[in-house]
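This briefing is meant to be read beside the sequence and the coordinates. It moves from the whole chain to single helices, and then to particular residues and charged pairs.

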Amino acid sequence: MRRTFSRLQIVGSLFLLIGISCVTFIPHTPVYKNLVYSLWEEGYKDTAYHLNRADGKLALQAGYYYYGAGAYDVDKAAWSFQIALRYDPKVLWGHYQLARIYFVQGKFTKALQEINAELAANPANLRALYIRGLIYISMNNLPAAEEDFRNFVAWAPAEWGGYNDLAFVLAKEGKYAESEAVIMQSMQRVQSASDVAWLWNSLGLAQLNQQKYTDAQSSFAKALALAEHMTTQEWVRAYSGNNPALAADAMLHFKNSIQDNLLKANAGYIRE
């Protein structure tokens with residue numbers, strides 16, 4: 001038996017179809033995109049974020065904004081980068097930024113998938129090797145991390161971060177002499193490396209584990225002096241993917257760690 005519909009049901013169904021069509025098609029129209037972009041430019045960031053569903057370029061811009069360029073909201077940043085990649089799967093930095101977000105969220109398998117996707121889509125973006133090295137450390141794949149950091153240092157020999165993390169991995173592998181040699185290389189190759197607290201702390205750890213207590217004392221003392229004068233802006237620049245609201249606590253933890261290392265070096269020196 002054929003079912004009959006009332007006029008009210010027919011009208012309701014028509015409005016429902018119109019509503020679905022609006023939600024599906026209107027966000028893709030130039031007029032709608034221009035409106036959302038205007039809202040973004042006028043400072044209505046959150047409103048534009050919620051309304052944007054079809055503008056990949058705006059989504060990419062929003063991703064950067066919510067990942068530290070204006071605000072820090074990793075969930076909004078991740079969603080924005082996902083939209084950007086939906087419209088351009090090979091967009092430069094898209095998978096890279098998602099990998100960084102998943103990394104700080106502790107989602108290491110997803111982070112590894114995204115950073116590999118970045119290297120596949122943009123093989124010239126070897127900065128991805130640095131992020132992958134960090135991911136491999138967290139996954140306890142030290143040989144893979146060592147390889148990535150070595151390749152990154154060869155690609156960016158003037159940046160201290162690669163040397164520092166390579167030295168960290170080598171120390172974790174028990175290769176303390178190699179770790180020390182890497183930091184000494186950075187002191188020769190990187191401008192103002194002697195002003196970087198992280199490098200001095202890494203050097204001290206490599207020396208401490210080789211029982212070079214006098215050298216370790218000197219290195220940790222320099223690291224501590226630099227850390228004492230470090231600003232939150234410097235810390236945020238070094239850890240740009242992390243929540244800047246946590247910078248002060250992280251800096252305090254770093255200083256306390258250096259102090260503990262210095263005490264160990266002093267104790268070792270006394271026992272000699």
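**Overall picture**

Among the contacts in the protein chain with a separation of 6 or more, 50% are accounted for by residues 24 or more positions apart. The model is predicted, and the secondary structure of the protein chain comes to 15 helices and zero strands. Of the 272 residues in the protein chain, 42% count as buried, while the chain exposes about 15200 Å², of which carbon and sulfur atoms supply 57%.

**Nonpolar core**

- In soluble globular proteins, nonpolar side chains tend to be buried together.
- In this model the largest nonpolar core has 73 residues, and those with the most contacts inside it are Ile-101, Ile-115, Ile-131, Phe-149, Met-230, Trp-235 and Phe-254.
- Leaving out residues up to four places away in sequence, Ile-101 touches Tyr-67, Val-74, Ala-77, Ala-78 and Phe-81.

**Helix α2**

- Helix α2 covers residues 30-41, and its 12 residues reach 16 Å from the first C-alpha to the last, close to the 16 Å expected at 1.5 Å a residue.
- The buried residues of α2 are Tyr-32, Val-36 and Trp-40.
- Seen down the axis of α2, these buried residues fall within an arc of 80°, so they line one face of the helix.
- The other side of α2 carries Pro-30, Val-31, Asn-34 and Leu-35, which are exposed.
- The cover over the buried residues of α2 includes α3 (45-51) and α4 (56-66).
- Just after α2, the backbone at Gly-43 takes a positive phi of about 100°.

**Helix α12 and Asn-201**

- Helix α12 has 12 residues and reaches 16 Å between its first and last C-alpha atoms, close to the 16 Å expected at 1.5 Å a residue.
- This helix is mostly covered, with 11 of its 12 residues buried; the buried residues include Trp-198, Leu-199, Trp-200 and Leu-203, together with Ser-202 and Gln-207.
- Asn-201 lies in α12 (residues 197-208) and is buried, with a relative accessible area of 8%.
- Not counting residues up to four places away in sequence, Asn-201 touches Phe-220, Ala-223, Phe-254, Ile-258 and Asn-261.

**Glu-234 in helix α14**

- Glu-234 lies in helix α14 (residues 232-238) and is partly exposed, with a relative accessible area of 34%.
- Leaving aside neighbours within four places in sequence, Glu-234 is in contact with Trp-198 and His-229.
- Glu-234 and Ala-247 are 13 residues apart in sequence and 9.7 Å apart in space, C-alpha to C-alpha.

**Salt bridges**

- A search of the whole structure finds eight salt bridges.
- In one of them, the side chains of Arg-150 and Glu-178 meet at 3.1 Å, N to O.
- Arg-150 lies in helix α9 (residues 142-155) and Glu-178 in helix α11 (residues 176-189), so this pair ties together parts that are 28 residues apart in sequence.
- Arg-150 counts as partly exposed at 35% relative accessibility, and Glu-178 also counts as partly exposed, at 37%.
- The side chains of Lys-175 and Glu-173 meet in a salt bridge at 3.6 Å, N to O; Lys-175 is partly exposed, with a relative accessible area of 28%, and Glu-173 counts as partly exposed at 25%.
- Glu-180 forms a salt bridge with Lys-212, the closest N and O atoms being 2.9 Å apart.
- This pair links distant parts of the chain, with Glu-180 in helix α11 and Lys-212 in the loop between α12 and α13 (213-228), 32 residues apart.
- Glu-180 is buried, with a relative accessible area of 12%, whereas Lys-212 is partly exposed, with a relative accessible area of 31%.
- Salt bridges that share partners join Glu-146, Arg-150, Glu-173, Lys-175 and Glu-178 into one network.

How values were computed: Residues numbered from 1 in each chain as written. Predicted model: local features only at pLDDT ≥ 70, side-chain atom pairs only at ≥ 80, totals over all residues. Heavy atoms only, no water. Helix = DSSP H or I, 4+ residues; strand = E, 2+ residues; numbered from the N terminus. Expected span 1.5 Å × (residues − 1). Buried < 20%, exposed > 50% of the residue type's maximum accessible area, 1.4 Å probe, protein only. Arc of directions from axis to C-beta. Contact = heavy atoms within 4.5 Å. Areas by Shrake-Rupley, 256 points an atom, 1.4 Å probe, with all protein chains shown as cover. Core = buried A, V, L, I, M, F, W, Y, C linked by side-chain atoms within 4.5 Å. Salt bridge = Lys/Arg side-chain N within 4 Å of Asp/Glu carboxyl O.
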